Amino acid sequence: MLTSVDPDVVRALGDPLRLQIVTLLAQETLCTTHLVEETGARQTNLSNHLKVLREVGLVETEPCGRFTYYKLRPEVLASLSGQFAELAASARTAAKNKRAC
C-alpha cells in the first residue's frame, strides 16, 4: 500500500537553514551555541528553526545543565526515506500507465 509523505516534514526540510541543521545533527548532538557557530545564524532565528524541527518530530532535545542539546531522530528520516522509495517504485510502474483523454 502506498503511503503519503508527511507534507509538514518535507516543508520543514525545504528551508536551507533547517536542512543545514539536520545535516549537522546527523553528524553529532549539538547545543544551540554550537549550531550558531556552525551556521552563522542568529540565536533567535536558529531557535525558531529548531522549534519547527521539533514540532514535526525530526529533532528532540536533551537538557544538560544550562544548555539544551539537540539530536536528530533517525527513525523519522528513515520513515521519510521509505515513503519516498515507495513513491519512486510506484512512479516506475505508473510510467507504463496512461489514462486516455
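Modeller: In the protein chain, residues 24 or more positions apart account for 54% of the contacts with a separation of 6 or more. Contact means heavy atoms within 4.5 Å. This is a predicted model, where local features need pLDDT of at least 70, side-chain atom pairs count only at pLDDT 80 or more, and totals for chains, interfaces and linings use all residues. Residues are numbered from 1 along each chain as its sequence is written, and side-chain values use heavy atoms, with hydrogens and water left out.

Colleague: How many helices and strands are in the protein chain?

Modeller: Five helices and three strands. They are DSSP runs, numbered from the N terminus (helices: H or I, at least four residues; strands: E, at least two). The pattern along the sequence is α-α-β-α-α-β-β-α.

Colleague: How does the radius of gyration of the protein chain compare with that of a compact globule of 101 residues?

Modeller: The globule would be near 13 Å, but the protein chain has 17 Å. The radius is taken over C-alpha atoms, and the globule rule is 2.2 Å times the number of residues to the power 0.38. The C-alpha trace spans about 60 × 25 × 20 Å along its principal axes.

Colleague: Why does His-49 count as buried?

Modeller: Its relative accessibility is 11%. Buried means under 20% relative accessible area, exposed over 50%, partly exposed in between (1.4 Å probe, protein chains only). So His-49 is buried. His-49 lies in helix 4 (residues 43-55). Leaving aside neighbours within four places in sequence, it contacts Asp-15, Leu-17, Arg-18 and Ile-21.

Colleague: Which residues touch the most other members of the largest nonpolar core?

Modeller: Ile-21, Leu-25, Leu-35, Leu-46, Leu-53, Leu-58 and Val-59, out of 21 residues in that core. Helix 1 (7-13), helix 2 (16-25), helix 4, strand 3 (67-72) and helix 5 each give two or more residues to it. Helix 2 gives the most, with five. What makes it a core is the definition: buried Ala, Val, Leu, Ile, Met, Phe, Trp, Tyr and Cys residues, joined through side-chain atoms within 4.5 Å. In soluble globular proteins, nonpolar side chains tend to be buried together.

Colleague: What makes Glu-60 and Lys-71 a salt bridge?

Modeller: Their side chains meet at 3.7 Å, N to O. The rule asks for a side-chain nitrogen of Lys or Arg within 4 Å of a carboxyl oxygen of Asp or Glu. The pair therefore qualifies. Glu-60 is in strand 2 (residues 59-64) and Lys-71 in strand 3, 11 residues apart. Glu-60 is partly exposed at 32%, and Lys-71 is partly exposed at 27%.

Colleague: Why does the pair of Arg-73 and Glu-60 tie together parts of the sequence?

Modeller: The closest N and O atoms of Arg-73 and Glu-60 are 3.9 Å apart, forming a salt bridge. Arg-73 lies in the loop between strand 3 and helix 5, and Glu-60 in strand 2, so the pair ties together parts 13 residues apart in sequence.

Colleague: Which residue forms a salt bridge with Arg-73 at 3.0 Å?

Modeller: Glu-75. Glu-75 is partly exposed, at 45%. Shared partners join Glu-60, Glu-62, Lys-71, Arg-73 and Glu-75 into one network. The whole structure has six salt bridges.
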